[in-house]
Amino acid sequence: VCSELGWALGALWTINDQGDKLRCLEVWHESEGMNEFAAASLGAEFGRGIELPGRVWQDDQPAWIADVAQDNNFSRADHADKAGLHAAFGVPIRSAGNILGVVEFFSHEILPQDDALLEMMDSIALQMGQFIRRRAAEDLLKVRNDKVQLLSEAGVLLASSSDLNKVLNKMCNLVVQDLADWCAFDLTEENGSICTEVHLHRDNVKAEMAIEMHRDYSPRSTDTFGSAEVVRTGTPKFHPSISPELIDTVGRDPRHIEMLRALGFASQIIVPLRVRGRILGTINLVRSDSSPQYAEEDLELAQELADRTALAIDNIRLNATQRYIAATLQDGLRPRLVEKIPGTDVAVRYTAAGEGVEMGGDFYDVFSYGQKHWAVVIGDVSGKGARAAALTPLIKYTVRSEAVQESEPRRILAKLNEAVLQQSGEDQFCTVAFMRMDQQDDAMYVTTVCAGHPRPLILRSDGQVERLGGSGTMLGAVADIEVTEHLAYARAGDAVVLFTDGAIEARADGTDFGEGGLIDALRQCSGLSAQAIAERLEQRIIEYSQAPLLDDMVLLVVKLLD
């Protein structure tokens, strides 16, 4: 406008965030002689009715001053005189009936009011208002889209792992890309202390300095500022601008203060990690002088990120606790092979499916009963979790107690079936392979009964593999089960292998490892010890699946010694 109309200087004024003042956003002028006037304008704020911009704002109509030097309501008159500026006019920038700001122009000449010019500029200012409104809407839409994108990416990251440190590292990296120059996650410990788990700076040099600072000046729960204050109050801390005085206040000593300044702490947001009525810690976000100051919408976004992160942290910790409890209970349910079958070597490998969040129903046992019998038992209770865990010890101790009264495997399983029917739910079943071993001179008589369980295998000393037992009714399904006893002879060098269905249901490319895969792998174990056989089979099955097993797996090997 200045170039086309021959005016010397133009200034754009916008209303501040509080809505009570006009502030100069931009100035254009034709020569360096007007720098002082431009600087005075850029540093000024005017209320309604004050100065030329305030007069236009208050009256909501264009205003003309023939000579600003003669105007009693023009505080920049001295600067205008030095710049040789006299005539001035201003017009309101409107959109949808609202004033968004004021645009003013200055001339080196003293000029009477030009109504035609004011009318034309009033029309141009209306177009400017429409442009500003459209750009503001576009910027708001972009901010909203960016917010949705950031929250969407955060959701994916928060669900990507059960490893807390990995999740926080990924979140730090995401936040540093889009919302901060420096980010830190401070988490509370059980004893009330605060520990910085993860922090990241986009500047590699400053990142090293941040590591050093957190090593020597880690947050303290007794601090009256920063993360400690937010943890204590649950209220975010918002510093759009960090003053040197604030840094001097929070710095613990001159070295700490110098580090804070060197890291460029210029604008800061600290938000609590709140979940289920508890504060788990904080997210600390900082921008340097080279980045825009934080605004209220950044605070809202940071808190939303913190709420989602806190929920993920809490869930990860709960799952970790569940895994620990499950592993402890599973370990307690597994029998200790303290009894040794004379003339044999016994080994067991237990592999939990997935990450072992839930207790499985696989079990095994080896014990002596009667005058000369040894029992080797393996089985699988349907389902996982507490119900399966509750039924597992019932089966184990029922088998042991019934073996005191009965020597025949099929009768023991019949009694076990009655106990399962009485104690389990309608949809809970159990499969069992019971093996009685009797030493006779240089051979071992092996009587096997399977109740819905995969048939055990025997690896002969010459490398041949045979199946033991037969099919039978699973326990807990019907009152009268049908099972068949199978007798076999095992001699020195032979190895008997019992397993649960997790061993044969390992999948790769949609195909099960299967009994055939297990037999092929077992043939390659000829001459190995019981422990080596169990480990070799476990390794082969895991390598085949190339992924976490779908079900728990037990491999129990009894090898007859020379």
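The model is predicted, so I noted the limits: local features need pLDDT of at least 70, side-chain atom pairs count only at pLDDT 80 or more, and totals for chains, interfaces and linings use all residues. Residues are numbered from 1 along each chain as its sequence is written, and side-chain values use heavy atoms, with hydrogens and water left out.

**Entry 1: the patch**

I looked up the cover of valine 1. Valine 1 is partly exposed, at 43% relative accessible area. My scale was this: buried is under 20% relative accessible area, exposed is over 50%, and partly exposed lies in between (1.4 Å probe, protein chains only).

**Entry 2: strand S7**

Next I asked why strand S7 (residues 182-188) counts as largely enclosed by the rest of the structure. Seven of its seven residues are buried, so the rest of the structure largely encloses S7. I checked both faces. Trp182, Ala184, Asp186 and Thr188 are buried on one side, and Cys183, Phe185 and Leu187 are buried on the other.

Then I traced the partners of S7. Strands pair if DSSP finds at least two bridges between them. S7 runs antiparallel to strand S8 (residues 194-201), with seven bridges. Threonine 188 has isoleucine 194 of S8 as its bridge partner. Five residues lie between the strands of this hairpin, and glycine 192 takes a positive phi near 95°. S7 also pairs with strand S11 (residues 278-287), antiparallel, over six bridges. There, tryptophan 182 stands opposite valine 286.

**Entry 3: serine 227**

I found serine 227 in helix H8 (residues 226-233). Is serine 227 buried or exposed? Serine 227 counts as buried, at 6% relative accessibility. Its side chain makes a polar contact of 2.9 Å with the side chain of threonine 282. A polar contact is a pair of N or O atoms within 3.5 Å; within protein, one must be able to donate a hydrogen and the other to accept it, and residues adjacent in sequence count only if both atoms are side-chain atoms. I also listed contacts (heavy atoms within 4.5 Å). Leaving out residues up to four places away in sequence, serine 227 touches Asp186, Ile194, Ile270, Thr282 and Asn284.

**Entry 4: salt bridges**

How many salt bridges does the structure hold? I noted 30. Each is a side-chain nitrogen of Lys or Arg within 4 Å of a carboxyl oxygen of Asp or Glu.

Arginine 411 bridges to glutamate 408, with the closest N and O atoms 3.6 Å apart. Arginine 410 bridges to glutamate 485 at 3.9 Å. This pair links distant parts of the chain, 75 residues apart: arginine 410 is in helix H13 (residues 409-423), and glutamate 485 is in the loop between strand S18 (465-467) and strand S19 (486-491). Aspartate 512 and arginine 507 meet at 2.6 Å, N to O. Salt bridges with shared partners also join Glu212, Arg215, Asp216 and Arg255 into one network.

Definitions and conventions
Helix = DSSP H or I, 4+ residues; strand = E, 2+ residues; numbered from the N terminus.
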